Each structure stands twice: as structure tokens, then as C-alpha cells.
Amino acid sequence: MKKYFFILIALFPFTVKAQLSVTESNSRPLYDKKTVGEIRLTLPSSDWVNLLDSMRIYNGDGLPASVVIDGMRYEGARVRFRGDKSYAKGLKRNPMIIRLNADNIGQNHQGYSSVKLSAAVRDPSMVREMLFHEIASKYMPASQAAYTKLFVNEEYIGVFVNVEAVSKTFFDTNYGNAKGASFKAGVDFKPDNLPATCRQNIFGALEYEDNLDCYKGNFEMDSKGGWTELQELTRKLAQEPNNVHQVLDVDRTLWMLALNNVMVNLSSYSGKESVNYYLYRDGNNRFQPVHWDLNLAFGSYKNTGLGSDLNLRQLQNMDPLLHADNPYKPLISQLLKDPLNRKIYLAHIRQINEENFLNGAYEKRAQELRGMIVVPFNEDKYKTYSYDDFQRSINETVGKKSKIPGLTELMGKRMRYLKSHPELTKLPPSISEVTVKGRGKFENQKINAFHVSARADKYPLRMYIYYRFSDQDPYVVMNMSEENTPGLAAGVKAFGVQIEAKTPEAVLDYYILAENVGAADFLPASYTRQPYKVKLSELNK
């Protein structure tokens, strides 16, 4: 087989430099959400499906390809089928990865060296992946996604979801200089001779193992090292959960879990197999979670690992605290043992539900996305679902066997269930009157610290400030002290804190969290993207 591949490569020469048919500055942005892109592949054989199937089965390097992306031509690329549950032998309409730099090092399209195409398997609406990524990106780093039409050897294969690869480019963009280890939960090919003592079928659950080699059967590593650090994360989860923040961005992890739960994404850590997410070790030596492979979100995959597949009513009423007491899901159960983490997680669920579902925004966006691809979907002769299924699937269950719920059918009742759930009806404190003290009008001496004060109602127990002096730094958390302020209404308390500035030009990013007996809340609500920002030099004017 390998000899046959070598002959094909020799018969399909490539130039070293990409031949551009249009200038990059005039090219459509790869992840433009307002238009449908176009990718054209030229492969060296009419029997390309069987060749790609063989490479998928035997872990080959990929088939040589000439690629045209939105009018820009690239030579020296390679193509492979990808995916686990979404891949099927013998199909032209399989998920693909296109590596532009495979035989032409450094080649990229608008900075992206690889293109990953999702066939949106078991998503008759073709909006699940797009919608989830768009909502998730409001709260944590998430892959960009857009629609594109795919042609192979001039034959139209169909419309695909083009999802940004979780790669060095992604990490550079979201976390600065990307040099850390990255791991993908779930493996396509298990290593031979794994130790007999390894836990069986735990996938990416992050259960602790004494033998470092056991992790290699459950994670794929895209770096030169990092297994010891991954093991240390699982050890802290198991043995020192109060210190896990030293090696894990806990807040982003709570956001990931909350997003999975609200949008019933069970082909994830929250489902049976604990797969389809990445862990990236950033420059502060903390692991960052990233979602991946979201075509089965919104109830298309239905198994939590606690029994049979859930029916529609069970999906609609899935517990927001799913796995909170499950020792085999330590990323959930160990984090939610901490009372404050639990309140933060529930606050995230409440916010996601209010900002995207209770206001109807998700349905409006789903209709817009579907409208973009009506024509290319209908023209796809390899589509898995009929045009009628495609049209109905926003609102109705499609499929007699798989029974994929309609988005509004699922989320219309789920959002109301979450809103009325006893854990989510507890009223959190409302934070107000956030101020930072500046230099007095007639004071000569400049201030060298940030004095932040705020108030909260509904009988707050504590108030915390999270702050940093650089976008690349992790937030530091401090308790704010209760201040004796006369004349406050019943249930209202004032808090303050002083943070020493590092330099006269220091810039402070911060947000505030207040908790009472039952719940917690943040200000600003958009702190993950737009925290409060104040310059010491401005305070001294």
C-alpha cells in the first residue's frame, strides 16, 4: 500500500511556492459568517475515496492535493478524512482535513496552515456546530466557523462547516506565544502494548493514573512534551482539588461545562465518553479547555454514561448539576465540591440561558444560518438528509431511529426548565456603584494604588475582586473588605479593596464577584471579554 502511495505522489508533482489566482488582500476572509466560501481540491486519482479510506484506516499521511480556497491556489497540500463517529467508509461526504503546509513548509491561507471541514453528521439543520461556536465565543476562546462549498476534481460534494483548527495559530491568537503542550481528549489509534494496569474505557475523563503511559491511550498530544504535567492535573483533581487552580484555569473550565450542559452537548466531557475537547498548557503553566467537534450538540448525541440514551423529555429536563456527584467525572464533581465554584458554575448557566435562549436570540440566529445555505444544501446530491428534513429540523424531530430533536423543540422547553430549576431561582446579589478612587482636586501627592469600592444587595456574604496588570497574566483574586457605610438600605453592604500599582503607568483589568447564601453574580457580565479597565495615570490627573 505504501509503495502505491509513493508512485501516486511521484506522478503528481507540485511547485514549491503557492500560485495565487487573486491577491490575499482581496480574498474572502476564511471564516466570514455572512457569505458561503468555496474550496476546490484536485486529487491525483478518480478513486480518491478508497485512497482516503485506506489512509484513514492505516493512519497515512494524506493524499497529495492542489487546493483553491476562495480563488487562491496552493500546491503541495495533503488531504485526509478525519473524525470518529462522524466518519463512514465509502462516503464522499466525509469530514476532511486539508494541510496546506504538508509538503510546502510555511504555506498558509490568511495565517491558517490547515482547514478542517465538518460534514455536520447527524445534524439535519446544519446549524448546530455554527451556533454552539458562536455562543461559546461570548464566554471563552472558541474556534471560528463558517460555511463553505466543497468541490473535488470539479465535482460538487456539498456544503460543509469550515471549523478553525485548534492549533498553534489558535493558541497564538487566544493565549499569546503558543509554546505549551496541547492534548486532545480521545484517540483515533490507541498505542500498542498499553500497561495492563490502565483504567479501561475512561477516555478523557481525567481520572488519575500512576503509570504515565496510560494517558497515551486516552489523549493525543500535539507537542514535544507534557505528559507529566497532564498527570499532575489529574493528581491535583483527585488529591488536592483546592489547589487545582494552580494548574487549571478553573473559571474557563466552569464555562466549558456550563455551555455543554445548557446546550445538551453530550459528545463531550459531560457525556458518556469524555471526548471532544482540548487542553492547552498556557504560558502561565495552567491548562486551558477548548471545545471541539460540536455537530452532535443540542441533543443529537443522547448518552450521559449513566444509563440508556435520554429521550426528548429527559434531554429537555437534563439536570444542570449532571455528574456533580460522579467520581468518574472529576472535572465536574471535584470542582463543584467547592461551594463558590458551584455558585459560579450556576451563575454561568443562568447567564448563558438569559443572553441566548430566553430572549429568543438562538432561534433567530439558527434561521439566519439555515437561510444562508438553502441553495447549496439543496444542490448537494450526497446530502445525508432530505431537503424537507433540513427545513423541518429547526423545529421538529427528524429521523425515526436517531430521533434528532429540533432546536426549538429541545431548547424551548429546556430554557424554561433551567429558568425554574430550584438551583437557578436563588437570587444572587446585584453589584452596583463600582468606583475607583482618584487623586483629590487639591492634593499634590500622586496616588500609587487602586482603591476599588462597590456595593451589593440581597444580603451578600462576601465580595471578591479579580485583577491583573497584563492581558497575558492570570487573574489574582482578593477578598474585598466590608466597609462601614452609614445609611445603607437593609440587605445592602459596601466593600472596598486597595491594590498596589506596579508602576506609575499601570493599567488594571478587573471584575467583581459577590455571593450570598444561595447564589453569586459578576460585574461586568461581559468580564470574559471586556473587564473593567482603569489607568493609574488617569486617576492622577
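This is a predicted model: local features need pLDDT of at least 70, side-chain atom pairs count only at pLDDT 80 or more; totals for chains, interfaces and linings use all residues.
Local features need pLDDT of at least 70 and side-chain atom pairs count only at pLDDT 80 or more, while totals for chains, interfaces and linings use all residues. Residues are numbered from 1 along each chain as its sequence is written, and side-chain values use heavy atoms, with hydrogens and water left out.

Start with the barrel. Seven strands close into it in the order β1-β2-β3-β4-β5-β7-β6, and the pairing is mixed. Strands here are DSSP runs of E with at least two residues; helices are runs of H or I with at least four; both are numbered from the N terminus. Two strands pair if DSSP finds at least two bridges between them. From one strand to the next, the twist averages 40 degrees. Axes are lines fitted to C-alpha atoms, for helices over the stretch in contact, and angles run from 0 to 180 degrees between N-to-C directions.

Strands of a sheet pair through backbone hydrogen bonds, either parallel or antiparallel. Strands β5 (residues 114-118) and β7 (residues 155-163) take the antiparallel sense, over three bridges. K116 has V163 of β7 as its bridge partner.

Next comes the loop between β7 and α4, where A165 lies. A165 is buried, at 6% relative accessible area. Buried means under 20%, exposed over 50%, and partly exposed in between (1.4 Å probe, protein chains only). Leaving out residues up to four places away in sequence, A165 touches Y31, S114, K116, F170 and W292. Contact means heavy atoms within 4.5 Å.

What covers them? Just after α4, G176 takes a positive phi of about 90 degrees.

Now the rings. The structure holds 26 aromatic pairs. Rings of Phe, Tyr and Trp (its six-membered ring) pair if their centres lie within 6.5 Å; planes under 30 degrees apart count as stacked, over 60 as edge-to-face and the rest as tilted. Y387 and F390 form a tilted pair, 6.2 Å centre to centre with 35 degrees between the planes. These two residues are three apart in helix α12 (residues 387-392), so about one helical turn separates them. Y387 is partly exposed at 30%, whereas F390 is buried at 0%. Elsewhere, ring pairs link Y139, W255, Y466, Y475, Y511, F522 and Y527 into a cluster.

Charges also sit over rings. The criterion is NZ of Lys or CZ of Arg within 6 Å of the ring centre and within 35 degrees of the ring normal. R40 sits over F151, 3.8 Å from the ring centre. K329 sits over Y269, 5.1 Å from the ring centre.

Last, the backbone. Most residues other than glycine have a negative phi, and most peptide bonds are trans. M126, not a glycine, has a positive phi of about 60 degrees. M126 lies in the loop between β5 and α3 (128-136) and is buried at 3%. E154 is not a glycine either, with a positive phi of about 70 degrees. The loop between β6 (145-152) and β7 holds E154, which is exposed at 61%. A cis peptide bond joins L523 and P524, with omega about 0 degrees. P524 sits in the loop between β19 (520-523) and β20 (532-535).
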